[in-house]
Amino acid sequence: MFDFDFDVLEDVDDVTTHVGDQLGSPLDSDTAGSLAHATREVEVRVCGLDGILCTLSVQRGLRTRELKDLVEARTSIPYYEQRLCNGEKELRDEWLLPADLGTVDITLIRTPLDYAEWMSRVRNRPLEFCEAPPPIKANRCIVLEAARGDVSVLAYAADALRTDVEFALTVVSQSGEALRYLPATMR
């Protein structure tokens, strides 16, 4: 009955809402419409201090967090060590890539995990552990500290820790409720 591409309508909403927010200025409907009809792929050049690290051809509407996964696959730099910037602005994980036509230049700044920062974070707000990167979820000291604040975080700990007998004994000695969050084989 109707010959209308509803995907285009969704793309316009995404571009208007997210990219406008991301770049600090809302897009008018004409600009959003032309972006939605433009090519669905964008070339992303990821540069470090020494030059281009990789070039990726990605779908328009890709979120920064998804881009980090692609960069990790190409460069072996873990997503949680990547800070991606477009110009002077750091891209948040939930943002869509900039809607520039053609090539988007992204700067990657590698930042190692700060274990001391994570220890402080889980001490003050144990549930932040649930969103921690994998190396933090595998760190015995940080997991024990988070579990002191809220034992339910054990459900998010690395499997290697959750199945370690010595770790299980330690955490259960802190709180018997910990058994609920350990694998059945550890009970």
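Because the model is predicted, local features need pLDDT of at least 70 and side-chain atom pairs count only at pLDDT 80 or more, while totals for chains, interfaces and linings use all residues.

**The sheet**

Begin by colouring the strands, which, like the helices, are DSSP runs numbered from the N terminus (helices are H or I with at least four residues, strands are E with at least two). Five strands form an open sheet of mixed pairing, in the order β2-β1-β5-β3-β4, and its edge strands are β2 (51–59) and β4, each of which pairs on one side only. Two strands count as paired if DSSP finds at least two bridges between them. Strands of a sheet pair through backbone hydrogen bonds, either parallel or antiparallel.

Next select β1 (residues 41–48) with β5 (residues 103–110), which pair in the parallel sense over five bridges; here C47 has T107 as its bridge partner in β5.

Four of the five residues of β3 are buried, where buried means under 20% relative accessible area, exposed over 50% and partly exposed in between (1.4 Å probe, protein chains only).

**A residue in a loop**

Now select S76, in the loop between α3 and β3. S76 has a positive phi of about 70 degrees although it is not a glycine, and S76 is exposed, with a relative accessible area of 60%. Most residues other than glycine have a negative phi.

**The nonpolar cores**

A nonpolar core is a set of buried Ala, Val, Leu, Ile, Met, Phe, Trp, Tyr and Cys residues joined through side-chain atoms within 4.5 Å. Select F129, L154 and V171, which touch the most other members of the 25-residue largest core. The elements that give two or more residues to this core are α4, α6 (140–149) and α8 (165–174), and the largest share, five residues, comes from α6. Apart from this core lies another, of 17 residues, among them V42, L56, L97 and V104.

**The largest pocket**

Finally, select K68, Y80, D93, W118 and R121, which of the 22 lining residues are the closest to the centre of the largest pocket. On a 1 Å grid over the protein atoms alone, a pocket is an open set of points where a 1.4 Å probe fits, with protein on both sides within 12 Å along at least five of seven lines, and lining residues have an atom within 4 Å of a point. About 590 Å³ of space lies in this pocket, a volume being the space filled by probe spheres set on the points. The largest share of the lining, three residues, comes from α4.

Note on methods: Residues are numbered from 1 along each chain as its sequence is written. Side-chain values use heavy atoms; hydrogens and water are left out.
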